[in-house]
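Colleague: I am new to this structure. Please take one part, the aromatic pairs, and walk me through them closely.

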Amino acid sequence: MNTLTKAMNILLAASCLAGCSFNQAIHIQVSNLIDLDRNNEFIEVPMQSLQALALKANEQFVVLDVENRQVPYQVTHDSLLIFPVSVASKGNAEYTVTKGIPDSIATISCGKYYPERLDDIAWENDKAAYRAYGPALQANGEKAFGYDVFTKSVSEPVVEYRYKMDIDTIMRKRIQQLKEEGKIQEADSIANAISYHIDHGNGMDCYSVGATLGGGTAALMVDSCIIYPYCYKDYDILDNGPLRFTVKLTYPPLIVKNDLNVIETRIITLDKGSHLNHTEITYHNLSQDVPVVSGIVIHPENPDGYECCKEEQYIAYADSTNNTSQNNGVMYLGAVFTKSLQNTFVQWFQDTEKSLHPGALGHVLGISTYTPETTYTYYWGSGWSKGGIAGMDAWKQYLKEYARKVNHPLQVTIK
């Protein structure tokens with residue numbers, strides 16, 4: 001799952017830097033303080049804390065577990081060593097960093113900017129794929145505010161292939177030609193064969209976003225009204241695999257009460273093995289505290305498929321997809337919150353709003369308070385009935401456990 005440990009949780013033993021000799025191994029102890037097994041959970045270790053290795057230019061290192069097996073790792077844009085650890089309930093685990101040649105690893109968490117598809121930013125890992133809409137889509141007038149979700153049933157990256165197939169210009173011209181010749185059935189057959197809205201064995205795009213928060217977007221709320229963010233304005237891909245994808249998105253100015261130039265910045269991180277994206281949001285030029293909500297759209301195909309759980313700090317929804325007759329399975333959406341969560345609830349669209357949000361009934365929401373010059377952190381994401389999620393109860397259990405881990409991070413000690 002997403003990294004739940006921050007630099008503040010990393011305890012640098014004073015004797016390490018003061019008394020240990022260079023060229024020796026760095027030993028890392030990871031402690032789990034709760035009665036829940038933590039399997040393949042990522043930790044973060046500042047590269048600065050590995051100075052005792054005395055790595056020379058172009059010299060490499062490896063991470064080893066207690067059985068001397070290599071553990072895959074990545075060094076992030078902000079100079080963090082990240083790698084997955086497994087720690088038993090209320091237990092400890094030991095890892096070692098030493099000089100060596102790391103094994104090659106496959107890229108799993110990755111993403112890309114797609115100017116050919118209206119400036120989409122799309123990213124994925126082995127569990128699901130997502131996209132945020134960009135300036136070209138906003139310019140054409142389409143209303144799509146929230147995150148879109150692509151299902152996946154395979155672990156390898158597939159999104160780039162899907163885009164390439166779906167927007168194949170030669171095939172699109174052929175489809176148009178066939179339609180002009182009256183060969184509708186043949187044209188439809190080719191269109192179905194290249195469409196990413198149809199499952200060709202690895203998942204598809206079968207989720208409706210529209211003028212909503214989609215699959216987990218956050219937004220400020222004033223007088224019970226959501227101030228919808230539109231498409232991102234600028235982007236910066238900070239990490240692009242193999243184990244972590246990170247993108248920074250900046251949004252056009254918002255008007256929030258008396259503040260006329262509120263700029264939202266999001267940093268979204270997706271790690272291998274996690275169903276949820278770790279997201280940090282800041283609002284610049286905001287002069288006062290404002291409620292902030294994170295939400296999932298409720299569709300008419302399953303109006304009662306939501307779950308609100310303030311006590312266990314999550315919201316969930318079972319989405320029947322936008323074409324239930326095609327046997328698309330069930331998409332499971334969720335968001336997990338930190339201790340700043342104040343409440344969870346459902347907000348239904350009023351009759352006067354329904355025309356603005358076609359195909360949607362409302363949102364299931366978690367609400368907190370955003371204070372100027374702070375960062376709002378939460379987690380959001382998805383699973384699929386054809387991709388390993390065995391029903392809503394299993395999905396809720398995943399979110400419950402994720403919330404416990406978020407609020408009880410692993411403790412990391414460098415020896």
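Modeller: Start with a term: a residue is buried under 20% relative accessible area, exposed over 50% and partly exposed in between, using a 1.4 Å probe and protein chains only. The model is predicted, so local features need pLDDT of at least 70 and side-chain atom pairs count only at pLDDT 80 or more, while totals for chains, interfaces and linings use all residues. Residues are numbered from 1 along each chain as its sequence is written, and side-chain values use heavy atoms, with hydrogens and water left out.

Now the rings. Phe, Tyr and Trp rings (for Trp, the six-membered one) pair if their centres lie within 6.5 Å; planes under 30 degrees apart are stacked, over 60 edge-to-face, the rest tilted. Searching the whole structure gives 23 aromatic pairs. One of them joins Trp123 and Trp380, edge-to-face, with centres 6.4 Å apart and 85° between the planes. These two sit 257 residues apart, Trp123 in strand β9 (residues 120-124) and Trp380 in strand β25 (residues 376-384). Strands here are DSSP E runs of at least two residues, numbered from the N terminus. Trp123 is buried, at 0% relative accessible area. Trp380 is buried too, at 0%.

Next, Tyr283 and Tyr370. Their ring centres are 5.1 Å apart and their planes meet at 80°, so this pair is edge-to-face. Tyr283 belongs to strand β18 (residues 276-284) and Tyr370 to strand β24 (residues 362-370), so the pair ties together parts 87 residues apart in sequence. Both Tyr283 and Tyr370 are buried.

Back to the tryptophans. Ring pairs link Trp123 and Trp380 into a cluster with Tyr130, Tyr147 and Phe245.

Conventions. Helix = DSSP H or I, 4+ residues; strand = E, 2+ residues; numbered from the N terminus.
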